[in-house]
2 protein chains.
Amino acid sequence: MLTFCEWVRRQTSGTGAALILTLGCVNTALAAATPDQTAAALAQSALTNSGALEILTSLTTEVGPRLAGTAAEQRAAAWARARFETAGFDKVWSEPFTLTNGWARGLEQASITSPSPQPLVVTALGGSVATPPPGLEAEVALFKTYAELLAMPTNSLTGKIVVVTQPMVRAQDGGGYGTLNAMRTAGPGEAARRGAAAYLLRSLGTDRHRVAHTGGTHYAPDAPRIPAAALSVPDAEQLERLVALGKPVRIRLLLTPRDLGPVTSQNVIAEIQGREHPEKIVLLGAHLDSWDLGTGAIDDGAGVAIVMAATKMIRALPAPPRCTIRVVLFGAEEPGVIGGNAYAAAHQAELSHYVIAAEPDFGQGPVYRFQTGVTNPEVPSLQRIRAVLAPLGVLPGDNASHGESDVGPLAKRQVPAVTLAMDGTDYFDLHHTADDTLDKVLPGRINQSTACYVAFTYLAAELGDDYRQPAAVPAR
Amino acid sequence: MLTFCEWVRRQTSGTGAALILTLGCVNTALAAATPDQTAAALAQSALTNSGALEILTSLTTEVGPRLAGTAAEQRAAAWARARFETAGFDKVWSEPFTLTNGWARGLEQASITSPSPQPLVVTALGGSVATPPPGLEAEVALFKTYAELLAMPTNSLTGKIVVVTQPMVRAQDGGGYGTLNAMRTAGPGEAARRGAAAYLLRSLGTDRHRVAHTGGTHYAPDAPRIPAAALSVPDAEQLERLVALGKPVRIRLLLTPRDLGPVTSQNVIAEIQGREHPEKIVLLGAHLDSWDLGTGAIDDGAGVAIVMAATKMIRALPAPPRCTIRVVLFGAEEPGVIGGNAYAAAHQAELSHYVIAAEPDFGQGPVYRFQTGVTNPEVPSLQRIRAVLAPLGVLPGDNASHGESDVGPLAKRQVPAVTLAMDGTDYFDLHHTADDTLDKVLPGRINQSTACYVAFTYLAAELGDDYRQPAAVPAR
């Protein structure tokens, strides 16, 4: 005898549209299906064609790069609202907020001037100040680890261009990024405190291409704000070799970014209202802004496409789940989770009604582990979610989820969160570079991620459990 | 009983230096060795450490990019002369020549201005003229194949920016490049003849990175000289998608390259004089100039390193081969084999004494096929060379070699030539891009190529056959 899942699989010939049609025609079967079976059927359909790649193609082509606080980010917001409305979401709205410092990239030129003149590939860090108008030229002080820079005394590097070349480690969970993050975010301040005229770091990236990885940086309040940029990996290695030859190495650097002052960004929000508990909310996030160098296909166009595709499939079911599903496409994540913090502050009063929150912001997937951040990770509803995710290739994970990116501020406010952890082995080959473009996204990978999200989201909203409940059994 | 080769292998513990020492200490054994055994022993030693990677590291780091006719190319020439002198070559000299049109790259900026503003990655083709000073903006006329452009009537594209997006095919023998070469070299003239304001092509490359592939172009004498640049592959695909949406697509393009007028380049030449027939010459070429975007590690730093390393090993033998080995490091290959033509013209009178010529100009290898361009490819001396190359992983090839790159003009003048054909499967991932840097070269690959070159060169110079002799047996 066929299981319900098997039956749906045979009927649907693999397309999301076909599944929806089929589900629409078989109310009897549906009524008889358990939520777990419906979640599994949605996932099976998504594996073949979730619609995510079509959404991502549209976003990255018709909008392109979407730097926070720009007209491009506003075009992305309009694009998202139109998409949600076409898909028949119950409510679609925007919540604008102010980004204190808009920022625009300018020229970025660097070269070795001696001993062997040659160009260097650099890109300004987000928020970097400009060099003086004609550029600056200075001798290099190179450190092979960030710790070596930190070990230098105050004012010991006066007038130097500090270069830090510590390589980033490739790791499935992205652990190499967290470890080195301060080298980018705090490095310019540390170098300035020691007297540096400018700061260059080896890109926080695992590729070997002449594309540099940008990313936000923060200046120290007690030190001058100096120009800061990332070198491509081959350029950082070239500098190491030249410095090792023993002659002084000099670099010329020209950066002309501009601080635009206060600009407007926005979160775009869409809802599928719950059929029994519209006040209880399962929140899915993703961020609509991207850096300006690529088209933000993996960061975080993929996340946007995954949550839009997953919720569009749920919207097309004959009946919505018991609880509300709210999708928030955050603005201005890259400059420092500005949209995520604005959302959490504005919605503080309702957060106690949130069932759970999740956000894909780690590329195209596949999802390989399900981490929770709840009071009791062993409750039956989470076991049921794990059971539906397991055949999609998802391991059970720990209970240390703090929510990805923009839902982090919700988790800090005690909203239960999960992380459908994506395989990040090659994520930092592309992250924050001009290479972050559509052609890097593979259907099989983004469909698997969407399958995991549609299954998780449907089940979480249908079961509507209270993940704040004290643990009935000892937590793992 | 040990063979001589086996004995040498056991003694040398794998380094070139150790081999040389060993060979120096065992004149009796050497005297007893056949040329084939010596060639095989040299190859075995090169497989482990040919010295090529050290040479390549020095060239790409201490000189860097080496655009034809620039001070950087002259620094490369001085570097090469010093290296040959240190290695004890019998004669080392330069032969300067004039490059009619020196060229310097300038700014290169492109962006889509509508319907969805976003930056494009482009790089000017070598020899391109500049755009007007503020840049130019025009509507795109996109052709998915070069043939579609050629099918357009004269003046049918007035004022348009012509974009041709035909993709290059990946092939081991580089066949995809030859087929599409006219799209870059003749495309600007064909577009201008049809009224275009500028010409953009999808890079002749097989990668998917936001680095564009430059390369020389030639203008048609009967059409205006219009600005010409290559798009990176993801940018070409983005334009295809946008054009397919049906709205007019407009591009803004700014290129500021400069024609420098006549400049000087040079061929650097070094010789190991033959012990019996110094007038008979085995010629090895490679080109010292590179494009300016990368450091020319694979094009043609690898070729330079392979021929320098191979001949340095032969120089260190107790006695030189019977015929002279001449290494020519050509200048100004990239703008159109200027150094190769200058050499052939200047040395016309002596060419009848040349035994054979070869040039590696297809990356780091490995060598996988031995092609000849001789009167009778079945002569015993070539069979002996094939027999020594076979265990290195080299197939026998056809007799259609016309000599690579700079030795092509010699082959046209009836100098016998061979091609030690390199595997080019990934060559066009890097060719003519900023990504052509040292980190892409693997010791095992460049050592195998050097092993093939040292074996071929030693045997060809020791055997000193006459490859112009009429065929005694029917040629294959």
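Start by selecting R326(B) and E271(B): both are buried, where buried means under 20% relative accessible area, exposed over 50% and partly exposed in between (1.4 Å probe, protein chains only). This is a predicted model, in which local features need pLDDT of at least 70 and side-chain atom pairs count only at pLDDT 80 or more, while totals for chains, interfaces and linings use all residues. Residues are numbered from 1 along each chain as its sequence is written, chains are lettered from A and ligands numbered from 1 in the order in which they are written, and side-chain values use heavy atoms, leaving out hydrogens and water.

**Stop 1**

Keep R326(B) and E271(B) on screen. They form a salt bridge with closest N and O atoms 2.7 Å apart; the term stands for a side-chain nitrogen of Lys or Arg within 4 Å of a carboxyl oxygen of Asp or Glu. R326(B) sits in strand 12 (residues 323-330) and E271(B) in strand 10 (residues 258-272) of chain B, 55 residues apart. Helices (H or I, at least four residues) and strands (E, at least two) are DSSP runs, numbered from the N terminus.

**Stop 2: R326 in chain A**

Now select R326(A), which counts as buried at 6% relative accessibility. Which residue meets the side chain of R326(A) in a salt bridge at 2.7 Å, N to O? It is E271(A). E350(A) lies in the loop between helix 12 (338-346) and strand 13 (354-358) of chain A, 24 residues from R326(A). With a relative accessible area of 22%, E350(A) is partly exposed.

**Stop 3: E462 in chain A**

Move to helix 15 (residues 443-463) of chain A and pick E462(A). Is E462(A) buried or exposed? At 9% relative accessibility, E462(A) counts as buried. Its side chain joins that of R275(A) in a polar contact of 2.8 Å. A polar contact is a pair of N or O atoms within 3.5 Å; within protein, one must be able to donate a hydrogen and the other to accept it, and residues adjacent in sequence count only if both atoms are side-chain atoms. Show R322(A) as well: E462(A) and R322(A) are 140 residues apart in sequence, yet 4.9 Å apart in space, C-alpha to C-alpha.

**Stop 4: H213 in chain A**

Next, find H213(A) in the loop between strand 7 (198-202) and strand 8 (228-231) of chain A. H213(A) counts as buried, at 2% relative accessibility. Its side chain makes a polar contact with the side chain of D207(A) (2.6 Å) and reaches the backbone oxygen of L204(A) at 3.4 Å.

**Stop 5: where the chains meet**

Finally, show both chains. Here 34 residues of chain B are in contact with 34 residues of chain A, contact meaning heavy atoms within 4.5 Å. How many salt bridges are there between chain B and chain A? There are two. Zoom in on R208(A) and D439(B), whose side chains meet in a salt bridge (3.8 Å, N to O). Then color helix 5 (52-63), strand 3 (118-120) and helix 10 (233-244) of chain B, the elements that give two or more residues to the side touching chain A. To end, select R202(A), R208(A), E237(A), D435(B), D439(B) and K440(B), which are linked in a network of salt bridges.
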